[in-house]
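Dear colleague,

I am passing on the structure we spoke about, and my notes on what I found in it follow below. Please read them with the structure open beside you.

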Amino acid sequence: MVSTSKITSAAIYLCCFIVLMLSFASLKSEGQQLLCTPVLDSITPCIDYAFTGGQTVPQQCCENIKKISTTKEDRQQVCQCAKNFAPMVPGLNYENVGNILKKCGVDVSLKISPDIDCAKLN
């Protein structure tokens, strides 16, 4: 079981990261379909499950994951945003993150890990 202080710390990291990303939002490259700021905002309802797991994933988490993962390119961009952000969140359980995707019906065809190659997602 993860303590409330660890989850609170992760939420603080997430908020700081979102503020930082908002500061750099105007620096996106041409043709980029999806910015990391909305991705990170969308996965906020998934944070508790990513740490503690459980029987069910919050409905809002699944709804948001499905909305931002409609195309292969979207899934790859979401993956890259999450991969860049994950090292800043101590205690993140990658198995739980993979279970979020499975339980929400999003098939990424790869094991979720810190060294995932996002370009290989289906």
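Helices are taken here as DSSP runs of H or I with at least four residues, and strands as runs of E with at least two, both numbered from the N terminus. Counted in this way, the chain has 6 helices and 0 strands, and its order along the sequence reads α-α-α-α-α-α. Please bear in mind throughout that this is a predicted model.

Confidence

The mean pLDDT of the chain is 77, with 72% of the residues reaching 70 or more. Among the elements, helix H1 (residues 4–24) has the lowest mean pLDDT, at 48, whereas H4 has the highest, at 93. Over residues 15–33 the pLDDT is below 50, and this stretch makes 15 contacts in the model beyond near neighbours in sequence. I would therefore ask you to read the notes on H4 and on H1 with these values in mind.

The chain as a whole

Of the 122 residues, 40% count as buried, and the chain exposes about 7300 Å², of which carbon and sulfur atoms supply 57%. Among contacts with a separation of 6 or more, 66% are between residues 24 or more positions apart.

Disulfides

With a cut-off of 2.5 Å between cysteine sulfur atoms, the count comes to 4 disulfides. When the bonded cysteines are counted along the chain, the pattern of pairing is 1-6, 2-3, 4-7, 5-8. Three of these links are described here in turn.

Cys36 is joined to Cys81 with an S to S distance of 2.0 Å, and the link is left-handed, with -90° about the S-S bond. Because Cys36 lies in helix H2 and Cys81 in helix H5 (residues 72–85), this pair ties together parts that are 45 residues apart in sequence. Cys36 counts as buried at 14% relative accessibility, and Cys81 counts as buried at 1%.

Cys62 is joined to Cys104, again with an S to S distance of 2.0 Å, and the torsion about the S-S bond is about -80°, so this disulfide is left-handed. Since Cys62 lies in helix H4 (residues 59–67) and Cys104 in the segment after helix H6 (94–103), the pair ties together parts that are 42 residues apart in sequence. Cys62 and Cys104 are both buried.

Cys79 and Cys118 form a disulfide as well, with their sulfur atoms 2.0 Å apart, and with -70° about the S-S bond the link is left-handed. Here Cys79 lies in helix H5 and Cys118 in the segment after H6, so the pair ties together parts that are 39 residues apart in sequence. Cys79 has a relative accessible area of 11% and is buried, and Cys118 is buried with a relative accessible area of 4%.

The buried residues of H4 are Cys61, Cys62, Asn64 and Ile65. Seen down the axis of H4, these residues fall within an arc of 165°, so they line one face of the helix, and they pack against H2 and H6. Gln59 and Lys67, on the other side of H4, are exposed.

Which residues touch the most other members of the largest nonpolar core? Of its 28 residues, they are Val57, Ile65 and Ile100, and the elements that give two or more residues to this core are H2, H3, H4, H5 and H6. Leaving aside neighbours within four places in sequence, Ile65 is in contact with Ile43, Cys46, Ile100, Leu101 and Val106.

Cys46, one of those contacts of Ile65, is found in the loop between helix H2 (36–42) and helix H3 (47–52). Is Cys46 buried or exposed? Its relative accessible area is 5%, which falls under the 20% limit, so Cys46 is buried. Not counting residues up to four places away in sequence, Cys46 touches Cys61, Ile65 and Ile100. Cys46 and Cys62 are 16 residues apart in sequence, and their C-alpha atoms lie 8.1 Å apart in space.

With kind regards

Note on methods:
Residues are numbered from 1 along each chain as its sequence is written. This is a predicted model: local features need pLDDT of at least 70, side-chain atom pairs count only at pLDDT 80 or more; totals for chains, interfaces and linings use all residues. Side-chain values use heavy atoms; hydrogens and water are left out. Buried means under 20% relative accessible area, exposed over 50%, partly exposed in between (1.4 Å probe, protein chains only). Contact means heavy atoms within 4.5 Å. The arc is that of the directions from the helix axis to the C-beta atoms. pLDDT is the predictor's confidence in each residue, from 0 to 100. A nonpolar core is a set of buried Ala, Val, Leu, Ile, Met, Phe, Trp, Tyr and Cys residues joined through side-chain atoms within 4.5 Å. Accessible areas come from the Shrake-Rupley method with a 1.4 Å probe; for residues, only the protein chains shown count as cover.
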